[in-house]
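This report describes selected helices, strands and residues of one model. Please look over the sequence and the structure before reading on.

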Amino acid sequence: YKTSSGFDADFLWGGAISCSQADGGFRDGGKGISTQDLRYLDPAWDHEQVEAKHHGSPFSKAEFDQALQDMDTTYYPNRRGIDFYHTYKQDLALLAEMGMKIFRTSICWARLFPNGDDAQPNPEGIRYYKDLFGECKKHGMKVFATILHYDIPVQLVLKYGGWKNRKTIDFYCRYVEVLFRELGDLVDYWLPFNEINAGRFSPWDGVCLIRDQEPHMDQEIFQCLHHQFLASARVVKMGHELLPGSKIGCMIARFTTYPATCRPEDNMQAILDDQYSNWFYTDVMARGKYPAYMNRYFDKLGIDIRMEPGDEEILQQGTVDFVSFSYYFSQVSTSDQGWEKTSGNLIMANKNPYLETSEWGWQKDPIGLRITLNQLYDRYGLPLFVAENGLGTSDVVEADGTVHDPYRIDYLRGHIQQMKEAVRDGVELLGYTMWGILDIVSCGPLTMDKRYGVVYVDLDNGGKGTGKRIRKDSFYWYKKCIESNGEDL
Ligand code: BG6
């Protein structure tokens, strides 16, 4: 039943992080090196430059080779994260104090299969996730597990070319089978891939392609994506067989798309941009086949997807149970090449003059969330989940040790209000896992000072600090929101 706020009584209020940005302990417990351990923070960083460099530009071969040699140096923030691997008990206790109903994190493939192709899984890796998810259960929290959030064992890239090779699909399915068998009773919602469209916009993160190594980058990206779609469909099918009743979804970085003007040209452009950046991915995973509109796009880019007999059936048989997405900002479509640009999640976008822009150039658009929820529900009729949403910005610790973040409260309030509207519009919404519930290493710039958390973590961009956790004002605000099931905003 619904409470007076409009949300279901069992609406899943939660928070999300990913293993590579939070865990640290990058060589503990028998873990292998993973692709995110290699991402390098330029010591002479400048946030705008680093953000611009990340967007759309995969890792270079020189950076990759250097990182593989630098196993003991410091400029690899993902290797230390916020040490969540060692502090998860205290951290989960804090989140439970807020009344959180669900915790979303990702499982690190290299903790279970250090090289990706190992004959047997690493028992220490399995134990860690049993303990971590068991701890969530002790606090009465459900578990939303991302199976892959940008990090694969680096050996799979070195030996097989990562997602370019169909063998990676088999290695991935073997890894997931272990998860289903070992952790099946602890996980409530499964997500085979974080933001699967990242492969298109941030190829190193999404599909492990190295910038200067691919003469036909577009072709390789979409071939890798084809392999990820197959991997996703195969594990949905396997999950339904091994764990009847399990809930397995898909996720994209969703960019609500607006035409810049009411000119028909801009409207047509918006339809195309929406198809190429958003719909393609959820259409394949929720409808189980490639949409016709992509043929023209593939022809334009000279892309020829190599399919094998049986691939189409696999996609058809592995459609998802729910659709989830991250939502940080919206995009403007125009044929005007001179339009002012701004950065946004994964992409550089045309700037919307009607919206405010965050410190990092991302445009805040709460109504865009309602629009997206309506569009997705209308198209698929499947339950939805807001898997990520939040504001990345710097925070100040006052002399008395408090952190006042009214800007974050405003951001969250605005978006939750629009979710409420969407639910009243009739959208079936399962939950909301706010991104970066604890401050973690940011994904684009790799810095600590782009903070999303309602819990402050005392570490700076160089990894220095006490690591102490401080409840921000937004912590108390979110607690109230959860207690009142979204009534008291
Ligand atoms: C999403 C990712 O793209 O955006 C997260 O799934 C990431 O891993 C989040 O942290 C915010 O991006 P950033 O670059 O500000 O950390």
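## Strands, helices and the ligand shell

Five of the five residues of strand β2 (residues 102–106) are buried, so β2 is largely enclosed by the rest of the structure. Here a residue is buried if 20 or more other C-beta atoms lie within 10 Å of its own, exposed if 12 or fewer, and partly exposed in between, with C-beta atoms placed from the backbone. Helices (H or I, at least four residues) and strands (E, at least two) are DSSP runs, numbered from the N terminus. The model is a predicted one: local features need pLDDT of at least 70, side-chain atom pairs count only at pLDDT 80 or more, and totals for chains, interfaces and linings use all residues. Residues are numbered from 1 along each chain as its sequence is written.

In a regular strand the side chains alternate between the two faces of the sheet. In β2, I102, R104 and S106 are buried on one side, and F103 and T105 are buried on the other. Strand β8 (residues 330–333) also has both faces covered, with S330 and V332 buried on one side and Q331 and S333 on the other.

The table lists strand pairings, where two strands pair if DSSP finds at least two bridges between them.

| Strands | Sense | Bridges |
|---|---|---|
| β1 (residues 12–16) and β2 | parallel | three bridges |
| β2 and β3 (residues 142–146) | parallel | five bridges |
| β6 (residues 256–259) and β8 | parallel | four bridges |

Some positions in these pairings can be named. G14 stands opposite I102 in β2, and S106 stands opposite T146 in β3. The bridge partner of P259 in β8 is S333.

Q331, in strand β8, counts as buried because it has 25 C-beta neighbours inside 10 Å. Two residues are in contact if their C-beta atoms, placed from the backbone, lie within 7 Å. Leaving out residues up to four places away in sequence, Q331 touches F255, T257, D273, G344, A349 and N350. The C-alpha atoms of Q331 and G344 are separated by 8.6 Å, and the two residues are 13 residues apart along the chain.

Y328 is found in the loop between β7 (322–326) and β8. Y328 is buried because 24 other C-beta atoms lie within 10 Å. Again not counting residues up to four places away in sequence, Y328 touches G344, N345, W362 and N389. Y328 and F255 are 73 residues apart along the chain, and their C-alpha atoms are separated by 7.9 Å.

Two helices follow. Helix α4 (residues 84–97) has a kink of about 40° centred on Q90; the bend at a residue is the angle between axes fitted to the seven residues ending there and the seven starting there. The buried residues of α4 are F84, Y85, D91, L92 and L95, and what covers them includes β1 and β2. After α4 comes G99, whose phi is positive, near 85°.

Helix α15 (residues 366–380) has 15 residues and reaches 22 Å from its first C-alpha to its last, close to the expected 21 Å. The expected span of a helix is 1.5 Å times one less than its number of residues. Among the buried residues of α15 are P366, G368 and L369. G381 follows α15 and has a positive phi, near 65°.

Which residues come nearest to the ligand? Of the 15 residues around the ligand, they are N345, G392, S442, C443 and G444; a residue is near a molecule or strand if its C-beta atom, placed from the backbone, lies within 6 Å of it.
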